[in-house]
Amino acid sequence: MLPAPLTMDVRRGAVAQLGALLADSRVATSGRVAVAVGLGQGDHIESLIAPTLGEAEVFRVADGTVDAAVSLGADLRKAAYEVVVGVGGGKTIDVTKYAASLAGIPMVAVATNLSHDGICSPTASLIYEGGKGSFGVPMPLAILVDLDFVHNAPESLVRAGVGDVVSNLSAIEDWQLGNVERGEPIDGLACSMSRTAAEALVGRSDSIESDAFLTVLAESLILSGMSMVVAGSSRPASGGDHEILHAVDQLFPGTSNHGELAGIGAAFCFFLRDDTARVKQVVDCLRRHQLPVVPGDIGLTSEQFAEVVALAPATRPGRYTILEHLRMQDSEIRDRVGDYVRAFGS
């Protein structure tokens, strides 16, 4: 059986459908609805959705931390809401997903940005005292992506969503490697969904200025999230590429965003596999969408990136990827990073 959102609507003006969606008895029966918005666009978003939501109470999400999610979850429990709507970018949606899981109520995601596949994923990426971690949560009950909001979002964050989707291609290779080398069970449907999401984007010549491209990007991010629900883990969308990005977050926090790091990680992992055709395709895609390709593009030296690659396997203990397979020593890592930079540095 395939779990899927009740509704998935990607278009301009989609937020106008929010009231009708929440009137669906499968979502809420008595109309006890809460709305969570971020601080940045909170007032603007609240003014736009107010006509469709009546007297729904609006909560402000201060940041993307576990503490913010726990606080929101407590507020939702106290007032016995039936559903919470998370409106905003990745941080707001992740906090709302986790808060909804703590309160034991469903969550509706209204995405105003397309920076990563958290729109529909069964995980919430949150900051806590020890760094940043992924927490298991239910998939959103329904998803709206309003392209009017997306067009007004920072371009760099929207472009980052391309990097996150394209990294699926590397993650699938790693999962198949784990299946061959370790006998790890593999889910063919999850692989198919994840690969389809990436292949829909990697060769397109248009970019985020186009509604058609943004629609495919949104659908790909959602499909990527659903592949993780089907798999029961992040495996179809997270391999050595994401190990690299988590290592960057640990060693050099604030360096870049999730999608940009996932894109670089995927390109480097294909380079390690000596897959000339695929690494060229991924690098060309990243450049076409003005995304970073080599460490210098995100302000890291080759030596710093070598430190990242050395640490990467430790960020996901038990996960088998090309990084674990090659078991490179520090000197070999430095050599391969140097070769990569020479091959694709501008």
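Modeller: In helix 12, the buried residues are Arg278, Val279, Val282, Val283, Cys285 and Leu286. This is a predicted model, in which local features need pLDDT of at least 70, side-chain atom pairs count only at pLDDT 80 or more, and totals for chains, interfaces and linings use all residues. Residues are numbered from 1 along each chain as its sequence is written, and side-chain values use heavy atoms, with hydrogens and water left out.

Colleague: What makes Thr276 and Ala277 exposed?

Modeller: Exposed means over 50% relative accessible area, buried under 20%, and partly exposed in between (1.4 Å probe, protein chains only). Thr276 and Ala277, on the other side of helix 12, are therefore over 50%.

Colleague: How do you know that the buried residues of helix 12 line one face?

Modeller: The arc is that of the directions from the helix axis to the C-beta atoms. Down the axis of helix 12, the buried residues fall within 160 degrees, so they line one face.

Colleague: What covers the buried residues of helix 12?

Modeller: The cover, by contact (heavy atoms within 4.5 Å), includes helix 6, helix 7, helix 8, helix 11 and helix 15.

Note on methods:
Helix = DSSP H or I, 4+ residues; strand = E, 2+ residues; numbered from the N terminus.
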